[in-house]
Amino acid sequence: MIRQDDLRARSPSLPLPSAAVLRDYGIYLALLALIAFFSARIPEFRTWDNALLIVLQVSVIGIIAIGMTFTIITAGIDLSVGSLLAVAGIMSGLFAQRPETPLTATLAFTVPILLGLLGGAVNGAIVAFAGVNPLIATLGSLTAYRGFIVWFRVNPIYGLQPYYGVVGQGQVFGLPMPVLILVLLAIAGWVILSFTRFGRYVYAVGGNREAARAAGINVALVTFAVYVISGFCVGVAALVFTSRLMAAQAISGQGFELQAIAAAVIGGASLFGGRGRISNTIVGALIMGVLFNGFVMLDVPQPIQQMFIGVIIVFAVWLDAALRRRRH
Amino acid sequence: MRVALAVADRPGPVVRLRGVSKSFGGTHAVDGVDIDLLAGEVHGLIGENGAGKSTLMRILAGCFADYDGSIAIDGAAVRLGSPAQARQHGVALVHQELSLIPELTVAENIALGREPAARLPIFLSHAKTNEQARCVLVECGLALDPTQKVDRLGIAERQLVEIAKGIAGNPRVLILDEPTSSLTVRETGLLFRIIERLRVHGTAVVYISHKLDEVFAVTQTITVLRDGRKVASGPTSGWTEARLVQAMVGRDLGSLFPRSFAALGPVRLAVRNLGRAGAFEDISFSIRAGEILGLYGIIGAGRSEVAHALAGLAPADRGQIELDGTHLRIRSPMQALAAGIAFTPEDRHASGLVPMLSVRENIVLSALPRFSRAGLIDRAAEHAAVRQFLSALMVRAASFRQEVSSLSGGNQQKVVIGRALMPRPRALILDEPTRGIDVVAKAELHGSIDRLAREGLAVLLISSETLEILGMSDRILVMREGRLAGELTRTEASEERLVALAAGAEQ
Amino acid sequence: MKARLFLFVLTGVTACAAGGAARAQEKTAIGISYQNLAFPYVAALQKAAENACKALDVNCIETDAVNDTNKEIANVESMLSKGISCLAFEAASLDASVASIEAANKKSVPVVQFNGKASGGQYVTFIGSEQTDSGVKLGTYLAGLYKQLSKPKLRGIYLRGVAGQVTDIARNDGMKNYLQSAGLAEKIDFTEQYADYDRGKAQSVTESLLTKDRNYDFIVANNDDMILGALQVVRQFNLVGKIHMSGVDGLPETLAAIKSGALDATVFQDPEGQGGGGVWGCYLTLKHVNLPKELLIPFTLVTKANVDQFVAIADRVYVK
């Protein structure tokens, strides 16, 4: 008598759990390796002050990258972050320049965030409801927002009131404010993605759009929402950036979109959608920050720094593809 | 959660479709179909590819907002314009094309769209999600780990997850569209037990399948669709296979396995001690010109891996391959093709076709050098060859410029085989060539394969369908867990012996 | 100073001549191509040019190359086909911008270059400042600093602009050559980094460098935006006064910082002379006035001693 259970072959599940583990935690190792390398070469690198400095320097890009992670998980992208940062920064600066009153202070702090939300909503509407490809849509808004702000206010705004500096230069329990804001937003992003229904849907929409729709998920709304989240992050980043610089310029933020995408991609987010984690994005940003800081201290010329970062991005994407192939 | 009444108390049909129609572009995919789905009944829905079965059920599942006709559920007229609405009315569709999210776990996929909330409103409870999934899986008798990520599961397990997902919401109507295309005998048995449980519970089940033996085994009523219209409907006991096929096709079909066993030529393909670590070991066989060697085994036995080694997709570590006496070293598909070995993959969507290219472009893909001089393509020669192959294989397409993704499954498979044949190979390896294809296309494909064998090709036919292997092969090899379990001649072989060898119950 | 006087005289003479004649003919069209209006200095040039256009009652068509020589030549070609009588041109790049000038040469449209000069093509006159001169002024500042601090060697940070850009190279060469001729090349040590003329990048770079080592004597930058970014950091590290700083441009913000003593100096560029001068050069050329090949407007080193003179000019052309 043939036993029914014997008819089953060994489970065809694929081997090597270490492949996935390697990918997800490998960047932590990479970060530690880099830190070890620079610490060995430069004594001043090993200080607590320098460590804080690195996190401080990546805070603006890190905040933007948190929002970018959301859009990348849905297989989308937001290229307009740099231009939107400039818009939000200038508008914030206009109010921060005025003499300090409760009204001007409130506006100086809230206007950039509102503009970020608005800019993100515009992107989201074009991508989710008009169905335009996110790359094209945000490339368009990148150009439009930048053109607008350079036309609106080409000269920098400086002479910002001293109170405004609290966001960019203040400290709470010895931690710089931008670092605190980065950590809080990162935690919020992590909670949303891992523990809420909305977060689950973000992964679903990115992993298999049609399946998500068939499961009754409102794909358009989820898509719209991630761009609003990205815009919100840009608004906060604009506030931090302008406050740190104590000046607002229409030409700020150029190239920020690529740095934010690099942080997410180095951290393992897949541009094809469905994969990505906030914690890993932050590590990706830190890797870039450590490289920048270390290279400057080693007196390595900037063009060489860029070459390195470029090579690392390509390596990270190649590794992602290679490990994906091993799974299937 | 809806509580279904016992079968006897049910007043009328659960679902009543009247005059349902849907067209795409100019063609009617579904044309004025009336159908009743009763509680506690398994309703078989069959027809050729393109007959409209899937489309009709997708309308019921809310996939199309713009259909004509009326749908009544429990007597009340409803308009199902979105998947969410259909779900609300208790309709669950288990797709033919797997619709799982690879990066999420089994439990998360099962719960998709209906996640259980934690104490705080917007948060999810991972524990509850896993628990609910565990319940469903246990009830169905499925031994799967709910915390496993779907992209690490094999295709059979994914199909089981898909089925569990459909059942999880306690639907009034469960639609199964080709549910066993990737399942083994045992798993199909599991599915039948699940369906029986649902039937007793009062669920209306729709069973769409090309496998007529299964339809006879599990359904109480069968409806036949042809060209979008309902041509016949009646209790299963009143149908025979021949009458079913006649209703599907509208004419009498010859044999399903047209095989003329002619005299065989010399040995074409000889394989000795082929092995690849972790996949298969010590495989030796030979195929003569004009011979079809069947390769049988359960999913995971290693048959496709052997094929991949011969085709250059995943080269072997050791062993020898000889074609017409020449020793071959195959490390890439290019080398295999150049040597004269052609291969059609198991999954035509993933690795067989380029969906956006036309029929013509797909067919000539492997053979372009034949039609190009100095890198430029000779259109006239190309078109002539394409036409010849398309008519020989009986591919039904409006024009060879049509996008290949718009063809039915059966025709797509013919295109894949056409592509493999164009470079005029001497050995042909077919991996599950008639999976998911309707009866008519299947018969036509079998006819083509027989013709190729008569023309002198050596054919290796990998199949999990015992009837097909028995009907088409001169000899049958059985593999189990990466090794050869036995070899049977045509006269020695039978369904029981094949299954026994594959399971390891016979020495 | 001499050039300014020259221009003032010309203004007087030709204003009278132009007064009557201008009304009789159609408004002439002058095309102006800027290198990048996002730079505050260039925006000031634009304001001054617009003022001049209004005063001379000519039709000015303005275009922005946005630092991209491809865009630059596209702009120039469309202006030429629209029909301009003269091209006032601010080169974005030393070599690549030559193509734009030659395009105008082919159409026999006279070219007046201002602020940035390309390395080829035919032009009537160049009105601007010799950028190496600004470098020399920076060098002068450092020489003075060296004497003042009377240390055997000075260590400092040099923040540069965009690698390969005309002005950046000119300023660097000017400064280093001056120090060489003054015999101070060995005595002054530079830690150089490119910060793309960007305030934020200059801030990041300075942060990293100062965290490593606070013992720098000075920071100089190839433009004011960068020195202001560095100043933020110096303030945070409480090193104001201990690290001596100088930029180039003369933005109002910088002048204010010099007045308060946070910055030592800057090298003042005159946007009015250059921007207005470009338009004037075209106008005079069209009136067949013979102009010298170069009208150089000198740079001035601004320190606390003479800062008030320049505040007024800056306020006229820079928007607050």
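This report walks through a predicted model, from its chains down to a few helices and residues.

## How the chains meet

Let's start with who touches whom. Two pairs of chains touch, and the pair with the most contacts is A and B. Chains B and C, on the other hand, don't touch at all: their nearest C-alpha atoms are 35 Å apart.

Chain C does meet chain A, with 26 residues of chain C in contact with 26 residues of chain A. On the chain C side, the elements giving two or more residues are α2 (40-56), β7 (188-194), α7 (199-212) and α8 (224-236). Helix α7(C) provides the largest share of that side, 10 residues. Sorted by class, the side of chain C that touches chain A has 11 nonpolar, 10 polar and five charged residues.

## The largest nonpolar core

As a bit of background, nonpolar side chains in soluble globular proteins tend to be buried together. In this model, the largest nonpolar core holds 356 residues, and the ones touching the most other members are I64(A), L60(B) and V459(B). Helix α10 of chain A, residues 219-245, gives the most to this core, with 17 residues.

Setting aside its neighbours within four places in sequence, I64(A) is in contact with V81(A), C233(A), V234(A), A237(A), F256(A) and A260(A).

## Two helix pairs in chain A

When two helices pack, the angle between their axes and the distance between those axes describe the arrangement. Take helix α7 (residues 177-195) and helix α12 (residues 278-297), both of chain A: they pack at an angle of about 145°, with their axes 9 Å apart. From α7(A), the contact uses A186(A), G189(A), W190(A) and L193(A), while α12(A) brings in I278(A), S279(A) and I282(A). That contact of α7(A) with α12(A) has five nonpolar, two polar and no charged residues.

Now for helix α10(A) again, this time with helix α8 of chain A, residues 197-207. The axes of α8(A) and α10(A) come within 10 Å and cross at roughly 105°. Angles of 65 to 115 degrees count as roughly perpendicular, so α8(A) and α10(A) are roughly perpendicular to each other. Here Y201(A), V202(A) and V205(A) of α8(A) meet V219(A), V222(A), T223(A) and V226(A) of α10(A). By class, the contact of α8(A) with α10(A) splits into six nonpolar, one polar and no charged residues.

## Domains and a residue in chain B

Chain B is divided into domain 1 (13-90 + 172-182 + 204-251) and domain 2 (351-424).

One residue to look up in chain B is R226(B), which sits in strand β9 (residues 221-226). R226(B) is partly exposed because 18 other C-beta atoms lie within 10 Å. The C-alpha atoms of R226(B) and V30(B) are separated by 9.4 Å, although these residues are 196 residues apart along the chain.

## Domains in chain C

Chain C is divided as well, into domain 1 (2-129 + 271-289) and domain 2 (131-268). The C-alpha centres of these two domains of chain C lie 32 Å apart.

The two domains of chain C do touch: seven residues of domain 1 are in contact with seven residues of domain 2. The domain 1 side of this contact has four nonpolar, three polar and no charged residues.

Methods: Residues are numbered from 1 along each chain as its sequence is written. Chains are lettered from A and ligands numbered from 1 in the order in which they are written. This is a predicted model: local features need pLDDT of at least 70, side-chain atom pairs count only at pLDDT 80 or more; totals for chains, interfaces and linings use all residues. Helices (H or I, at least four residues) and strands (E, at least two) are DSSP runs, numbered from the N terminus. Ala, Val, Leu, Ile, Met, Phe, Trp, Tyr, Cys and Pro count as nonpolar, Asp, Glu, Lys and Arg as charged, and the others, Gly among them, as polar. A nonpolar core is a set of buried Ala, Val, Leu, Ile, Met, Phe, Trp, Tyr and Cys residues joined through C-beta atoms within 7 Å. A residue is buried if 20 or more other C-beta atoms lie within 10 Å of its own, exposed if 12 or fewer, and partly exposed in between; C-beta atoms are placed from the backbone. Axes are lines fitted to C-alpha atoms, for helices over the stretch in contact, and angles run from 0 to 180 degrees between N-to-C directions. Angles under 35 degrees count as roughly parallel, over 145 as roughly antiparallel, 65 to 115 as roughly perpendicular and the rest as oblique. Domain bounds come from an automatic or database domain assignment.
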